[in-house]
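User: I would like to learn how to read strands, sheets and chain contacts in a model. Could we go through one together?

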Amino acid sequence: MTIHTSIKKNAYYDSVTLMLLSRQLQELAGVEDVLVGMGTELNLDLARDLGLATGEFDTLTPNDLFIAAKIDEAQISMKAVEDAFNEYLNKSAESDSDEDYQPPSLSSAIQALPGANMVLVSVPGQYAAAEVEDALDAGLHVMLFSDNVPVEDELRLKQKAVEKGLLMMGPDCGTAIINGVPLCFANAVRRGKIGVVGASGTGTQEVTVQIHKLGEGLSQVIGTGGRDLKAQIGGLMMIQGFESLIADPETELIVLISKPPDPSVAEKIYQIAKSSPKPVVIDFIGGDRAAIEAAGAIPCISLEDAAQKAVKVLRGQEYEDFTGFSLPEEQIEQIVEKEAAKLKDDQTELRALFTGGTLADEAMKLLGDHYDIYSNIPLSPEMAIENLPEGRGHICLDLGEDEFTRGRPHPMIDPQTRTEFFESHVDEKTAVILVDVVLGFGSYKDPAGAVADSVREIRQRLSNQDRDVVVIASVCGTELDRQDLNKSITTLEAAGIIVLPSNAQAVRLTDKVMQRIKKGAGDVR
Amino acid sequence: MSNKEMNAITAADDLLEFLENHPSFVARVHSVFPHAVNLLVLEEALITLTNQDDITPMGLRVDCGTSFAEFLKAGDEIVLDIDRFAAINGFFTVNLRNAEVWETRSILILDALPAETVSQTRFSLMRWLAKQPVQGLLPLLPRLTRQLMSSKPANDNLYSRHIADDLEAFMQAINSSDWKPALHLADRLIGFGMGSTPACDDFLAAYMVVLRITNELNPGRFPWIREFNDIIASKANKRTTLISANMLRHAAEGRVSLDQQQLLQACFFKSDKDLILLAEKVLRHGASSGGDFLLGLVCALKWYQIAITEISKEGDKTWVEYKRLQPVPTL
């Protein structure tokens, strides 16, 4: 073994580069030990301690780079070590100059990527308006992921977008698919002829997933942000998106999704629907069915129903409200009997733990006629979770709401919040646990696995009291999602969870099990 | 090559002061990185242009969409004016007219949080830092903070292993207010580590800025701090890289980069920003520089906790032992 030193006078490299280079040089055959560093006194001391010093150290200054190496010259020469160093350095410089470049501002991003026509803004809410304004001034469409943007700013920015013929999706817009490119939380779905404008994230995801499962695809999926259909904003982006899809030659049918809009906003949308040359399916979750029909649009009773009707209309088929199950009714009844039989008489309560807000909302609306459900997004103020009598009753939570995500990621990204709620909110009185499992871009790598683990732990805990619990889930995802729909279903079923193909069907099965329990134990309302 | 024109987004106030006092100064390009370039002025001071979010003292954040290495090389000469930088070879210009001014010492005029709050902040920072990838000096976090916060074994490295004893001795000396030994031990730290800002310099920079802030908040209480910082900055001129010596000189005066400044504000003063988000931004500096600075910060905050607790005890007349301040060491 011989020791050599290579010196680069007045050479400066960041420690990222030097650390990577050191590791790579260390792996070369014939290199026993290597130290790369700036020629400071202490670094040279370290090299001396390691037995890597040579006489050339005397000429080094703190601003020189040195490579000190102990090598087996039968296998490698110092020249080869230097060549390898320079080669790695050049590769690093190439990667630095393009892929790793992080533009510090919107204008430099535009400069670095000429031809881009859309900006995704995700900065703290108080700074978002200025960024969006710059983007709109530069003629770019905007998806605004940030929340906490003042409503006055939202109105001003959307008015500007409309004037310029641009989209301003958001604030708090989490789902869009533009020209086949999924943005933020979206599922991998095929392209096709159905365009969607949605004011709710997971609601839009559920509809696009169901359309994909039925064999059709999406042309564009435009988000608006949750406040768009309130009177203050006037549905500016719903209308902008709606008119864009009417004009889009690739879109043959349009689906609109939102919670019930302000009546003044709804009226504007109905007017456009009346004159739309393309069929329009509207799911204003719990909205005014008669008004929708009067506008010549097709009303829906659930997100799944919206997808079913959209696909049938596109194919020129007859349609009616989809209120049932994909499985035959007898099979459903068998499941209900089998699952209800697992429960003791005093197991009567529902625990619906959702990561998707619209899915939770849909669940409560579909169950609302039969049960008093307490929630953090209640259907009426008296059903707020704070009013839960002595901690007992049916509960449906949207775990993605601000009160649960402060200081931690959204439960679609990190399942920990729901895991904790499984531990704290499921007990010996719980009869049915209802959950959503949302796959897709932006979502956790294995949400089904996290739910399955929680359910196993719950069952283990309840088994000590000779009890079990019914767990019902739906998976919002496709076989193209990286988490894989089929793999997720298998994971859930392996944990004894009943998996239904849509949120609406999962809720209906929950209702049937709960009704079956009521028969056995009296009204629990 | 065509002229590369760009605009300055943010300019450090000390840079603007320099430019006002040195019209049409000719600087030389000292070192070029993909995201930053250093210009040498007055033999040993550096002006740093960056196209990233962070900005340093004597720095300029510019709107540059490509790597600086594409149009600048070491040795190029740049004429500096208050409203414009222009390369003599005509390859690039920076327009400074619309740059926002960044005040490098703005936090030093704020009211400090109670010591207990600072202590809680330190603990939060420490717990978070324990979960971060262990690079640079970070394997030494459990040892230096006397915490066993992770069940995972520390993935140490040659540099951290070599310097562990000296770092611990330095920290203990400062915590015991033994300034002379601390300065002596600093000799074992300045310039140690890889890269253009060696790891121990980042660690020391955090100490120096915490000392400086404490001094400003408690005038007259810690008369040795100014000299202590000045001596380390002076030693750094000979013992570490020019880039790092500049960083330590700024830290001695209470100046750090914008990201570090915002984190310090969240530690010592009222801030509406999230502590961990700010720490994450600092952690992203370099390969290990951010982590080394953060390690220095949690260690220095421990000293702050001890020092301020002594002052408050003294104020309440409940202290039982008076720790005599050490004489100011001389150069």
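User: In which sense do strand E14 (residues 349-354) of chain A and strand E17 (residues 430-438) of chain A pair, and over how many bridges?

Analyst: This is a predicted model. For a pair of strands, look at the direction and then count the bridges. E14 and E17 of chain A pair in the parallel sense, over five bridges.

User: Let us take another sheet. What is the strand order in the open sheet of three strands in chain A?

Analyst: The order is E1-E3-E2 (chain A), and the pairing is antiparallel. Strand E1 (2-8) and E2 of chain A are the edge strands, each pairing on one side only. The twist here averages 15° from one strand to the next. Within this sheet, E1(A) and strand E3 (residues 65-71) of chain A run antiparallel and are joined by seven bridges. Thr2(A) stands opposite Ile71(A) in E3(A).

User: Are the residues on the faces of strand E5 (residues 141-144) of chain A buried or exposed?

Analyst: Side chains along a strand are read face by face. In E5(A), His141(A) and Met143(A) lie on one side, Val142(A) and Leu144(A) on the other, and all are buried, so both faces are covered.

User: Which strands pair with E5(A)?

Analyst: Strand E4 (residues 118-121) of chain A pairs with E5(A) in the parallel sense over four bridges, and Met118(A) stands opposite His141(A). E5(A) also pairs in the parallel sense with strand E6 (residues 168-169) of chain A, over two bridges. There, Met169(A) is the bridge partner of Met143(A). The chain gets from E5(A) to E6(A) through helix H6 (residues 151-164) of chain A, a β-α-β crossover that is right-handed.

User: How many residues of chain A are in contact with chain B?

Analyst: An interface can be described by several quantities. The size of an interface is often given as the accessible area lost when the parts come together. Here we have residue counts: 30 residues of chain A are in contact with 32 residues of chain B. Elements giving two or more residues to the chain A side include helix H1 (15-26), strand E2 (31-38) and helix H3 (78-97) of chain A. H2(A) gives the most, with five residues. By type, the chain A side divides into 14 nonpolar, twelve polar and four charged residues.

User: How many helices and strands does chain B have?

Analyst: Chain B has eleven helices and nine strands. Of its 331 residues, 49% count as buried. Among contacts in chain B between residues at least 6 apart in sequence, 65% join residues at least 24 apart.

Definitions and conventions
Residues are numbered from 1 along each chain as its sequence is written. Chains are lettered from A and ligands numbered from 1 in the order in which they are written. This is a predicted model: local features need pLDDT of at least 70, side-chain atom pairs count only at pLDDT 80 or more; totals for chains, interfaces and linings use all residues. A residue is buried if 20 or more other C-beta atoms lie within 10 Å of its own, exposed if 12 or fewer, and partly exposed in between; C-beta atoms are placed from the backbone. Two strands pair if DSSP finds at least two bridges between them. A crossover is right-handed if, with the strands pointing away from the viewer, the path from the first strand over the helix to the second runs clockwise. Two residues are in contact if their C-beta atoms, placed from the backbone, lie within 7 Å. Ala, Val, Leu, Ile, Met, Phe, Trp, Tyr, Cys and Pro count as nonpolar, Asp, Glu, Lys and Arg as charged, and the others, Gly among them, as polar. Axes are lines fitted to C-alpha atoms, for helices over the stretch in contact, and angles run from 0 to 180 degrees between N-to-C directions.
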